[in-house]
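I record what I looked up, one topic at a time.

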Amino acid sequence: MDEPERANEIREVMESHRIGTQLVEQLWPRMNCVMVYDVDRLSTSFELLRTYCGSRVHYLFAGISSPEGTFSAALNLDDPQTVLIPDQLEIGRSYELIVSTLSGLYRYQTQKTLLVVGRYHDTPTVIIDKA
């Protein structure tokens, strides 16, 4: 299908389809995974994304990041838990993420609070704490 035909097909779907219910499944029928950056699985924006995508699309949570770097990585599809750099964090406690240079000369408060929810081997797994 050439680009103008595909553009017309998308336009027709958008005009005839009520936004929300399996919209992505109609526009991109072969899509099966979406990478989600820095969003809590319980947030309004994520729930809206799930509504658009329908039930067959999986989610890969990309981890916790900021302009200074990425601080954690995903473990499994559809799981918001991510793995941090090993540290002496306690399960059930919340911690504020602060970025620092190796010398400690510069620090940056990210305004993000992380909740330790488990461990992957010896590494803490965390989610963004909305409390």
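**Confidence.** I began with pLDDT, the predictor's confidence in each residue on a scale from 0 to 100. The chain averages a pLDDT of 79, and 84% of the residues score at least 70. I noted that this is a predicted model, in which local features need pLDDT of at least 70, side-chain atom pairs count only at pLDDT 80 or more, and totals for chains, interfaces and linings use all residues. I also noted that residues are numbered from 1 along each chain as its sequence is written, and that side-chain values use heavy atoms, with hydrogens and water left out. Confidence is lowest in strand S4 (residues 69-70), with a mean of 73, and highest in S9, at 89.

**Layout.** I looked up the helices and strands, which are DSSP runs numbered from the N terminus (helices: H or I, at least four residues; strands: E, at least two). The chain has 3 helices and 9 strands. Along the sequence they follow the pattern α-α-β-α-β-β-β-β-β-β-β-β.

I took accessible areas as given by the Shrake-Rupley method with a 1.4 Å probe, where for residues only the protein chains shown count as cover. The accessible surface of the chain comes to about 9,100 Å², and 52% of this belongs to carbon and sulfur atoms. Of the 131 residues in the chain, 31% are buried. For contacts I used the rule of heavy atoms within 4.5 Å. Among contacts with a separation of 6 or more, 44% join residues 24 or more positions apart.

**Nonpolar cores.** I searched for nonpolar cores, that is, sets of buried Ala, Val, Leu, Ile, Met, Phe, Trp, Tyr and Cys residues joined through side-chain atoms within 4.5 Å. The largest has 10 residues, among them Ile-64, Phe-71, Leu-84, Val-116 and Val-126. Strand S7 (94-100), strand S8 (107-120) and strand S9 (123-128) are the elements that give two or more residues to this core. A second, separate core has 8 residues, including Val-34, Val-36, Cys-53 and Phe-61.

**Strand S9.** How many of the residues of S9 are buried? I found 5 of its 6 residues buried, so the strand is mostly covered by the definition of burial used here. I next asked about its partners, on the rule that two strands pair if DSSP finds at least two bridges between them. S8 and S9 run antiparallel and are joined by 6 bridges. Strand S6 (residues 82-84) and S9 also run antiparallel, with 2 bridges.

**Thr-125.** Beyond its neighbours within four places in sequence, Thr-125 is in contact with residues including Leu-75, Gln-81, Val-83, Leu-115 and Val-117.

**Leu-84.** I then turned to Leu-84, found in strand S6. Leu-84 counts as buried at 13% relative accessibility. Its C-alpha atom is separated by 6.5 Å from that of Thr-123, 39 residues apart along the chain. Sequence neighbours within four places aside, the contacts of Leu-84 include Phe-71, Leu-89, Leu-114 and Val-126.

**Ser-94.** Ser-94 lies in strand S7 and counts as partly exposed, at 34% relative accessibility. The C-alpha atoms of Ser-94 and Asp-129 are separated by 7.0 Å, although the two are 35 residues apart along the chain. Leaving aside neighbours within four places in sequence, Ser-94 is in contact with Thr-113, Leu-114, Leu-115 and Asp-129.

**Salt bridges.** I counted a salt bridge where a side-chain nitrogen of Lys or Arg is within 4 Å of a carboxyl oxygen of Asp or Glu. This rule gives 2 salt bridges. One joins Glu-47 and Arg-50, at 3.8 Å from N to O. Because these residues are 3 residues apart in helix H3 (residues 44-53), Glu-47 and Arg-50 are separated by about one helical turn. Glu-47 is partly exposed at 35% relative accessibility, and Arg-50 is partly exposed at 42%. Another joins Glu-90 to Arg-93, with the closest N and O atoms 3.8 Å apart. Glu-90 is partly exposed, with a relative accessible area of 46%, and Arg-93 is partly exposed, with 42%.

Conventions:
Buried < 20%, exposed > 50% of the residue type's maximum accessible area, 1.4 Å probe, protein only.
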